[in-house]
Amino acid sequence: MSYLYLKALHIFFVVSWFAGLFYLPRLFVNLALAAEGDEYGRLLLMAKKLLRFMTPLGLLALATGLGLWLGFGIAGGWLHAKVALVLLLVGYHGYCARLYADFAARRNRRSHTWFRVFNELPVLVLLAVVILVVVKPF
């Protein structure tokens with residue numbers, strides 16, 4: 001596969017994964033606010049389906065990124081910083097899965113305010129990654 005096709009696929013999978021990383025914590029805000037009942041069940045189902053949809057997209061983003069890195073010799077200090085941020089996002093994704101499990105088991109103890117702050121982390125990481133990739137400051 002050519003470099004440009006692989007890069008295009010990587011961008012597509014990253015954007016798709018981030019859509020889930022942005023929206024799933026927003027569902028958690030609503031779940032934290034929702035009373036037990038139909039609304040809670042509907043939101044929980046949406047969160048489950050989103051998590052199941054975004055996980056393969058994240059894996060494909062990682063696979064295509066790894067292909068770009070190893071297959072085309074992309075290197076530099078900026079890449080090490082980007083990889084560290086990607087590992088942070090993988091941890092964030094995994095923590096979202098744990099938070100979903102807590103909601104499903106009715107064990108959530110965090111407030112909607114906490115989830116509103118938690119929801120902002122991927123936005124900041126995305127900004128940092130875009131700057132690293134485009135500017136390549138080091």
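Leaving aside neighbours within four places in sequence, which residues is K82 in contact with? In this predicted model, the partners of K82 are H10, V129, L132 and V133. The sections below place that residue in the fold and then turn to its surroundings.

The chain contains five helices and zero strands. Read from the N terminus, its elements run α-α-α-α-α. Along the principal axes, the C-alpha atoms fill a box of roughly 50 × 30 × 15 Å. Of the 138 residues in the chain, 36% are buried. Among contacts with a separation of 6 or more, 78% join residues 24 or more positions apart.

Helix α1 spans residues 3–33, and helix α3 spans residues 77–104. Their axes come within 11 Å. They cross at roughly 35 degrees. The crossing of α1 past α3 is left-handed. On the α1 side, the contact is made by H10, W17, F18, L21, L24, P25, F28, L31 and A32. On the α3 side, it is made by K82, L89, V90, Y92, H93, C96, L99, Y100 and F103. Sorted by class, this contact of α1 with α3 has 15 nonpolar, two polar and one charged residues.

An unreviewed UniProt entry lists H10 and K82 under "binding site". The two are spread over 73 residues of sequence, yet they cluster in space. The largest C-alpha distance is 14.1 Å. Both H10 and K82 are included in the lining of the largest pocket.

H10 is found in helix α1. Is H10 buried or exposed? Its relative accessible area is 12%, so H10 is buried. Apart from neighbours within four places in sequence, H10 is in contact with A61, T64, G65, L68 and K82. K82 has its place in helix α3. K82 also counts as buried, because its relative accessibility is 16% and the cut-off for buried is under 20%. The contact lists of the two residues name each other: K82 is among the partners of H10, and H10 is among those of K82.

T64, another partner of H10, lies in helix α2, which covers residues 38–71. T64 counts as buried, at 9% relative accessibility. Residues up to four places away in sequence are again not counted. On that basis, T64 touches L6, L9, H10 and F13. T64 belongs to helix α2, and K82 belongs to helix α3.

Backbone angles single out two further positions. Most residues other than glycine have a negative phi. R106, however, has a phi near 60 degrees, a positive value in a residue other than glycine. R106 lies in the loop between α3 and α4, the latter formed by residues 112–118. With a relative accessible area of 40%, R106 is partly exposed. K136 likewise has a positive phi, near 45 degrees, and is a residue other than glycine. K136 is found in the segment after α5, a helix formed by residues 121–135. Its relative accessibility is 42%, so K136 counts as partly exposed.

Terms used: Residues numbered from 1 in each chain as written. Predicted model: local features only at pLDDT ≥ 70, side-chain atom pairs only at ≥ 80, totals over all residues. Heavy atoms only, no water. Axes fitted to C-alpha atoms, helices over the stretch in contact; angles between N-to-C directions. Helix = DSSP H or I, 4+ residues; strand = E, 2+ residues; numbered from the N terminus. Left-handed = near helix turned anticlockwise from the far one by under 90°. Contact = heavy atoms within 4.5 Å. Nonpolar A, V, L, I, M, F, W, Y, C, P; charged D, E, K, R; others polar. UniProt positions renumbered as here; feature names shortened; annotations may be inferred. 1 Å grid on protein atoms, 1.4 Å probe; cavity = no way out; pocket = protein on both sides within 12 Å on 5 of 7 lines; lining within 4 Å. Buried < 20%, exposed > 50% of the residue type's maximum accessible area, 1.4 Å probe, protein only.
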